[in-house]
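Open the model in a viewer and keep the selection panel at hand. The tour goes from one selection to the next.

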Amino acid sequence: MTADLFEAVPDVHPSREAMAEGAVLLRGYAKPFENEVVAALREIIARAPFRRMFTPGGHQMSVAMTNCGTAGWVTDRSGYRYDGIDPDSGQPWPEMPSTFRAIAEQAAAEAGFAGFTPDACLINRYVPGARMSLHQDQDEQDFAAPIVSVSLGLSAIFLFGGPKRADKPKRYRLEHGDIVVWGGPSRLFFHGVAPLADGEHALMGRQRINLTFRKAR
Ligand code: MD3
Ligand code: FE
């Protein structure tokens with residue numbers, strides 16, 4: 001009797017897990033929006049295809065990237081920067097879709113960062129074997145603004161270190177639909193992604209896509 005009643009009530013309390021001070025994992029938060037997100041993603045990559053960029057040191061990244069928003073993160077032999085223009089097309093990056101913005105703003109508010117106004121969304125594509133080595137995100141103007149990440153497709157082992165490169169990273173499995181908000185002290189923590197394991201995801205196929213929403217300027 002009561003079981004039926006409980007099942008009829010939607011869960012208004014999303015799962016919320018603290019990974020560190022300021023880092024909040026919202027498991028499955030983006031799942032209800034997956035079809036809208038994928039449709040918007042298709043339009044972005046038609047105009048700004050994924051490309052594997054080069055680091056200033058001359059290494060080609062295994063992760064392929066693109067951007068949407070008024071600023072996009074780029075790397076080449078001259079360094080890392082945010083640029084309003086896609087260097088491959090010479091055109092502005094595609095606009096940030098309103099669904100993307102809404103999801104990022106809601107998730108940020110859920111984690112205690114109401115008023116987050118992202119101007120950049122970096123889109124990372126991992127195929128099996130692709131990885132991201134430990135780094136800090138320091139190319140943004142305002143470290144008081146969090147970064148919101150949305151994981152889609154194959155799950156990945158996320159490596160979450162500390163304020164120093166030598167801090168031993170903890171490992172977290174990030175799955176399709178998971179959102180993490182990285183603010184406060186964790187905003188400048190070292191982090192990376194272990195080589196992606198092979199697999200097939202029902203909606204996304206043989207890849208992982210990660211969206212990171214940032215306030216770049
Ligand atoms: C923790 N991307 O694009 S997202 C990146 O899965 C990046 O593609 C990874 O690191 C990915 O820079 C991780 C999670 C993430 C993003 C930014 C952070 C974690 C963070 C900034 C500070 C601390
Ligand atoms: Fe990063």
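Which residues come nearest to ligand 1? Select N124, Y126, R187, H191 and R208: of the 19 residues around the ligand, these come nearest. The model is a predicted one.

Next, show the side chains that make polar contacts with ligand 1. A polar side-chain atom of Y126 is 2.6 Å from an oxygen atom of the ligand. For H191 the corresponding distance to a ligand oxygen is 2.9 Å, and for R214 it is 3.0 Å. The protein covers 98% of the 500 Å² of accessible area that ligand 1 has on its own.

Now colour the strands. Strand 6, strand 7, strand 8, strand 12 and strand 13 each give two or more residues to the shell around ligand 1. Strand 13 gives the most, with four residues. By class, the shell has eight nonpolar, seven polar and four charged residues.

Hide the ligand and look at the space it takes, which is the largest pocket. This pocket holds about 750 Å³ of space. It is lined by 37 residues, and M132, S133, H135, D137 and H191 are the closest to its centre. The lining is made up of 16 nonpolar, 14 polar and seven charged residues.

Last, move to the second largest pocket, with a volume of about 160 Å³. Select helix 2 (residues 34-47), the source of the largest share of its lining, four residues. The residues lining this pocket include F50, R125, L203, M204 and I209. Its lining has seven nonpolar, one polar and two charged residues.

Notes: Residues numbered from 1 in each chain as written. Chains lettered and ligands numbered in written order. Predicted model: local features only at pLDDT ≥ 70, side-chain atom pairs only at ≥ 80, totals over all residues. Heavy atoms only, no water. 1 Å grid on protein atoms, 1.4 Å probe; cavity = no way out; pocket = protein on both sides within 12 Å on 5 of 7 lines; lining within 4 Å. Points joined across faces, edges and corners; volume = space filled by probe spheres on them. Nonpolar A, V, L, I, M, F, W, Y, C, P; charged D, E, K, R; others polar. Near = heavy atom within 4 Å. Polar contact = N/O pair within 3.5 Å; in protein donor to acceptor, adjacent residues only side chain to side chain. Areas by Shrake-Rupley, 256 points an atom, 1.4 Å probe, with all protein chains shown as cover. Sits in = over half its atoms within 2 Å of the grid points.
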